[in-house]
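Here is a walk through one protein model, taken a piece at a time. Keep the structure in view and find each part as it is named.

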Amino acid sequence: MKCFEEIISEFKTIAKDEGVMLFFIFLPLVYPLLYSWIYNNEVVRDVPIVVVDDSHSVSSREFIRRMDATPEVSVALHCGNMTEAKRAVGHGDAYGILYFPKDFDKKLGLMEQAHLGVYCDMSYMLAYKAILVAATNISLRLGAELHNSAPAVEFRDVPIFNTTGGYGNFIIPGVLILIIQQAMLLGVGMLAGTRREKNSNPNLNLSTLFGRATTYFLLFAVMLAWITLIVPRIFGFVSLVHAYDLAMLMLPYLLACVFFAIAAGNMVRYRENVMLIVVFTSVPILFLSGVSWPQSSIPAFLQGVSWIFPSTFAIRGFVRMSSMGALLGDCLPEYIALWIQAIVYIMINITLTLNKKRCTD
């Protein structure tokens with residue numbers, strides 16, 4: 001009964017706090033739509049580039065013509081030197097530079113390895129990918145034509161999981177899962193900071209703890225269903241999840257997030273502090289999950305740090321389910337890790353609550 005009363009009380013507290021409502025309701029509802037809409041095109045077309053041709057040869061002109069004919073790239077400018085080309089990129093007139101050295105055609109004629117420079121603006125990864133892919137494909141084709149050779153084994157590139165080859169299908173699943181954790185940290189941390197500022201935390205006991213935890217669990221269960229099941233279908237992202245397997249994976253994730261957020265809230269002194277911490281850590285946490293950087297290339301120490309966050313294992317499991325059609329049995333390491341995290345954070349919160357109760361008594 002006391003637990004139920006605490007649930008009602010916490011819902012009322014959330015409804016009265018506009019800042020908490022922003023993070024509990026608005027952020028999980030709107031931010032996934034905004035982020036997915038930005039990357040909905042998946043790939044970019046006609047990325048403008050600058051050409052610096054010191055070779056002035058038939059071979060370089062043919063290469064430029066083929067580059068301009070690709071759907072990924074458009075030759076926007078021709079510059080006399082690299083200084084002018086860099087200035088054009090700096091002004092935003094292009095996203096990359098294609099440079100042909102003087103000996104480009106000579107080396108090709110001698111059947112030696114010729115070099116050309118491809119310089120890209122790394123601030124826009126989609127443009128960087130388009131320029132690099134176009135230049136690589138054309139260089140391979142021209143190389144084969146010049147040597148009058150055919151590949152020893154004919155192959156066909158068929159994407160299995162990320163069928164569009166786009167950035168959206170690659171990174172969006174991880175971001176969607178991370179939003180739940182970060183939104184919960186923001187909202188719960190803000191509530192904890194407000195209570196600490198007002199010194200309004202009377203009758204702290206286990207009923208209070210589990211009543212508040214149930215409130216957050218119910219709210220974010222709805223948000224999680226919206227983010228994992230509905231948003232990907234709105235924007236046509238690859239979604240091969242099975243409802244039962246997804247629900248089983250997300251159950252320990254939500255529990256771990258709830259009690260992780262409550263435990264982290266104990267360290268929040270002022271309600272504004274949590275915003276700086278969460279915003280600063282969001283990108284590193286995404287990288288540590290291994291979704292945008294190979295997990296095998298992450299140092300052991302940083303991998304250990306990543307185990308603190310429930311999003312690490314949930315992202316890995318959800319990406320496999322969403323992009324590869326994996327079942328729960330295929331994600332057992334992540335599933336077990338999430339349950340361990342949930343149990344550990346529950347025990348931490350029970351210990352902290354009992355200690356606080358003894359101090360107040």
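Apart from neighbours within four places in sequence, Gln181 is in contact with Tyr253, Cys257, Ile285, Phe309, Pro310 and Ser311. Gln181 belongs to helix α7, which covers residues 167-198. Is Gln181 buried or exposed? Its relative accessible area is 1%, and the cut-off for a buried residue is under 20%, so Gln181 counts as buried.

Now step back to the whole chain. The model is predicted. Its secondary structure consists of 13 helices and four strands. The protein has 361 residues, and 45% of them are buried. Of the contacts with a separation of 6 or more, 82% are between residues 24 or more positions apart. The contacts of Gln181 with residues such as Tyr253 and Phe309 can be looked up as examples of contacts in this model.

The strands come next. How are the four strands arranged? They make an open sheet with mixed pairing, and the order across it is β2-β1-β3-β4. Strands β2 (73-79) and β4 (117-120) are at the edges; each has a single partner strand, so one side of each has no neighbour in the sheet. On average, neighbouring strands are turned by 25° against each other, with direction ignored.

Within this sheet, look at β1 and β3. Strand β1 (residues 47-53) and strand β3 (residues 96-100) run parallel and are joined by five bridges. Opposite Gly96 in β3 stands Ile49. Helix α3 (residues 58-69) lies across β1, β2 and β3, and runs at about 135° to β2.

Asp46 sits in the loop between α2 (18-38) and β1. Its phi is near 50°, which is a positive value in a residue other than glycine. Asp46 has a relative accessible area of 48%; exposed residues need over 50%, so Asp46 is classed as partly exposed. His56 is in the loop between β1 and α3. The phi of His56 is also positive, near 50°, and His56 is not a glycine. With 61% relative accessibility, His56 is over the 50% cut-off and therefore counts as exposed.

Arg61 has 49% relative accessibility, so it counts as partly exposed.

The structure holds nine aromatic pairs. One of them is formed by Phe63 and Phe100, with 5.6 Å from centre to centre and 75° between the planes. Planes over 60 degrees apart count as edge-to-face, so this pair is edge-to-face. Phe63 is in helix α3 and Phe100 in strand β3, 37 residues apart, and the pair links these distant parts of the chain. Both Phe63 and Phe100 are buried. Elsewhere, ring pairs join Phe24, Tyr216 and Phe220 into a cluster.

Last, turn to helix α1, residues 2-16. At 1.5 Å a residue, its 15 residues should span 21 Å, and the end C-alpha atoms are 21 Å apart, so the two values agree. Which residues of α1 are buried? They are Glu6, Ile7, Glu10 and Ile14. These four cover an arc of only 105° around the axis, so they are on the same side of α1. An α-helix has 3.6 residues a turn, so residues three or four places apart point the same way. Lys2, Phe4, Lys12, Ala15 and Lys16 are on the other side of α1, and they are exposed.

Terms used: Residues numbered from 1 in each chain as written. Predicted model: local features only at pLDDT ≥ 70, side-chain atom pairs only at ≥ 80, totals over all residues. Heavy atoms only, no water. Pairing = 2+ DSSP bridges. Helix = DSSP H or I, 4+ residues; strand = E, 2+ residues; numbered from the N terminus. Axes fitted to C-alpha atoms, helices over the stretch in contact; angles between N-to-C directions. Contact = heavy atoms within 4.5 Å. Expected span 1.5 Å × (residues − 1). Buried < 20%, exposed > 50% of the residue type's maximum accessible area, 1.4 Å probe, protein only. Arc of directions from axis to C-beta. Phe/Tyr/Trp six-rings, centres within 6.5 Å; stacked < 30°, edge-to-face > 60°.
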